[in-house]
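I opened this notebook to keep track of what I looked up, entry by entry.

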Amino acid sequence: LKDMYDVIVIGSGGAGLTSAIQASELGLKPVILEKMSTVGGDTKRASSGMNAAETFVQTEHGIEDSVGKFYYETLRGGHGQNDPELLKYFTEHSSRAIEWLYKEGVQLDDLTITGGMSVPRTHRPHTTEPIGAYLVNGLLEQVRAKQIPLFCGAKVTAINGQDKVSGVQVQTANGNQAIQSKAVIIATGGFGANKALLAQYRPDLSKYKTTNQPGNTGDGILMAEDIGAQVVDMDQIQVHPTVQQDTDHVYLIGETVRGEGAILVDQDGKRFVNEMETRDKVTNAINKLGGTGAYLIFDQSVRDRAKAIDFYNSVGLVKSGSDLGELAEKSGIDGEMLNQAVDKWNRSVSDRLDMAFGRKTGLHVLDKPPYYSIHISPAVHYTMGGVKTNDQTQVLKSGGEPIQGLYAAGEVVGGLHGSNRIGGNSIAETVIFGLRAAQQVRDYFFDM
Ligand code: ADP
């Protein structure tokens, strides 16, 4: 570690890697500091994809979409509480972010759909690798190619400077060190793995497990607050509806499984919700079942389309049966009812009319054996709140004025998602605002 860089990027998830690469492309000398021993944060765990509208990928797939629709559906998903300035920038720059990724060799050329959207807008790779690992590995290649210094086991403990940033304090195996820089980009992710912060803002969620990696403890939010940053929406915490948690390891089951056709049933074998509703609504419906959790039910065709299922299967989360009766028995669900539920569902798909719950997307008949199930229940997944920024990614004080040289991007920022995040918007946020942060830092340097 040198004692001076142009810009210090804290965190090595999607936002950190993107902003460091873009900073380097714009002629700056960045450094990435990651406190954990591995790179990628929660980004590496992402499983749905990256939402973007009016992209060339959508055009190639014959999908008609619009920035306006993207804006409106995100706002509706967030119950109108989204920060309009951030949401406007976000939706208007998503297509460019997809193009930038292509240029970097990260090709999200397949499309799927997640809860709360009307057309396929969730871009994902064609590979068997889920989006998170694919994206992080792709960006890491660029970090290496551009020889951007990246240090793991380097925990930032404070941001120096009051109204104007002058660097950070960092803790490594070699002790404490002050590093100077004119600009700092906070890309430390959320605080889903910080029990104390969760208890402070949402004591009612203490019973839940989390899908977050242990490093996501909200450090960036706390450090920014220490130098006067404003925080917003800290009590807006997303519980993800479909998480497998019967073993010690908590596995989020990606929304593409439903997007590609899976249904949800309760222990009695009955459907109970529009599976393609937003995450908060599906979570509430599962909670009403009284603690039993629910079961994703799908067939071989869904498995062929949602490639992540092979991974879930390899770690033992998937039960299978040559017919629905066998599957029900192995899963502990009522077999006769399950048969009826699937029959009824298949008729709804043929009629394109789900009378029971009004599902309109991810409509595929389930009729190709073997059949599969995954037992799921909700877990803490994403913290919508965080530091307040403007659409130039500048971190703002309580009076609204920016802290000079301090930028933030990714989950650490609050406001974009309102009170409920749409699946696929998190990856999009890290890339769109990661790029933006680096561009703003470049302008800041020019202005000095
Ligand atoms: P995003 O999706 O917003 O990019 P991620 O969760 O993917 O966020 O990545 C955030 C990264 O920041 C994680 O790898 C996490 O370990 C790292 N991080 C969190 N706090 C610190 C800190 N104090 N110093 C260095 N790295 C940190």
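Before starting, I wrote down that a crossing is called left-handed if the near helix is turned anticlockwise from the far one by less than a right angle, and right-handed if clockwise. I also noted that the model is predicted.

Entry on the helix pair. I looked up helix α13 (residues 324-331) and helix α14 (residues 335-351), and found that their axes come within 8 Å and cross at roughly 130°. Angles from 65 to 115 degrees count as roughly perpendicular and those over 145 as roughly antiparallel, so α13 is oblique to α14. The crossing in which α13 passes α14 is right-handed. On the α13 side I listed Leu324, Gly325, Leu327 and Ala328 as making the contact, and on the α14 side Gly335, Leu338, Asn339 and Val342. Sorted by class, this contact of α13 with α14 holds five nonpolar residues, three polar ones and no charged ones.

Entry on the ligand. I found 28 residues surrounding the ligand, with Glu34, Thr43, Asn216, Asp219 and Glu411 as the closest. For Asp219, an N or O atom of the side chain is 2.9 Å from a nitrogen atom of the ligand. With Asp42, a polar backbone atom lies 3.0 Å from a ligand oxygen atom, and with Gly13, a backbone N or O atom is 3.5 Å from an oxygen atom of the ligand.

Entry on the backbone. I recorded that most residues other than glycine have a negative phi, and that most peptide bonds are trans. Gln147, which is not a glycine, has a positive phi of about 50°, and I placed Gln147 in the loop between α6 (131-145) and β6 (150-151). Pro369 and Pro370 are joined by a cis peptide bond with omega of about -5°, and Pro370 sits in the loop between α14 and β17 (371-383).

Methods
Residues are numbered from 1 along each chain as its sequence is written. This is a predicted model: local features need pLDDT of at least 70, side-chain atom pairs count only at pLDDT 80 or more; totals for chains, interfaces and linings use all residues. Side-chain values use heavy atoms; hydrogens and water are left out. Axes are lines fitted to C-alpha atoms, for helices over the stretch in contact, and angles run from 0 to 180 degrees between N-to-C directions. Helices (H or I, at least four residues) and strands (E, at least two) are DSSP runs, numbered from the N terminus. Angles under 35 degrees count as roughly parallel, over 145 as roughly antiparallel, 65 to 115 as roughly perpendicular and the rest as oblique. Contact means heavy atoms within 4.5 Å. Ala, Val, Leu, Ile, Met, Phe, Trp, Tyr, Cys and Pro count as nonpolar, Asp, Glu, Lys and Arg as charged, and the others, Gly among them, as polar. A residue is near a molecule or strand if one of its heavy atoms lies within 4 Å of it. A polar contact is a pair of N or O atoms within 3.5 Å; within protein, one must be able to donate a hydrogen and the other to accept it, and residues adjacent in sequence count only if both atoms are side-chain atoms.
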